[in-house]
Amino acid sequence: MSTTGETAAIPRGEGRSNWWLRLADPAENVLAVVLLAPATLLLLLIIAYPIGRLIYTGFQAHSLTSGLPSQFIGLGNFQAMLDDPVFWETAWNTVMITLITVPGALVAGLILALMANLPFAVKWPVRMSLLIPWAMPLPFVGLIFAWFFHSQYGIVNDVLSRVGCQP
């Protein structure tokens, strides 16, 4: 490295490509696999299983009210979906909501972030307006759980008293 601040160029083939294959110790490769395996399995459980289940059930005919077992119908569900005008209306509404809300949220967030860094004396109202939506869900969750488990009019207490348990 020179004193002028320039960095030396790395020659082609040295340190640029396949650096992960040239680890000094093979035990580091084993350690990397052992450390990454739980996260990989969790991702497969959270992502791959629901997607596979979704694809499987997409080819089945289910009746939630008749109690009959599902049966394979192939692409029938997808054909019915494509023929349904409600599907196309819903798809159009989804596209419109996405095209409006994503850029709108991006622009509003950018404006608020720039306002929070403006050099004026009283920045706290802008910064508070940015922090309140982040901080408010926890108190609301606490209020909802307090309502669920209230000893006089809570939902859990009501369900327990209806099945014959003491409140």
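**Terms and what backs them**

Trainee: How many aromatic pairs are there by the rule for rings?
Mentor: The count comes to six aromatic pairs. Rings of Phe, Tyr and Trp (its six-membered ring) pair if their centres lie within 6.5 Å; planes under 30 degrees apart are stacked, over 60 edge-to-face, and the rest tilted. One aromatic cluster is formed by F145, W147, F148 and F149.

Trainee: What kind of model are we looking at?
Mentor: A predicted model, in which local features need pLDDT of at least 70 and side-chain atom pairs count only at pLDDT 80 or more, while totals for chains, interfaces and linings use all residues. Residues are numbered from 1 along each chain as its sequence is written, and side-chain values use heavy atoms, with hydrogens and water left out.

Trainee: Why is helix 3 called oblique to helix 4?
Mentor: Helices are DSSP runs (H or I, at least four residues), numbered from the N terminus. The axes of helix 3 (residues 85-116) and helix 4 (residues 124-135) come within 8 Å and cross at roughly 140°. Angles under 35 degrees count as roughly parallel, over 145 as roughly antiparallel and 65 to 115 as roughly perpendicular, with the rest oblique, so helix 3 is oblique to helix 4.

Trainee: Which residues meet there, in helix 3 and helix 4?
Mentor: With contact meaning heavy atoms within 4.5 Å, L112, M115 and A116 in helix 3 meet V126, R127, S129 and L130 in helix 4.

Note on methods. Axes fitted to C-alpha atoms, helices over the stretch in contact; angles between N-to-C directions. Helix = DSSP H or I, 4+ residues; strand = E, 2+ residues; numbered from the N terminus.
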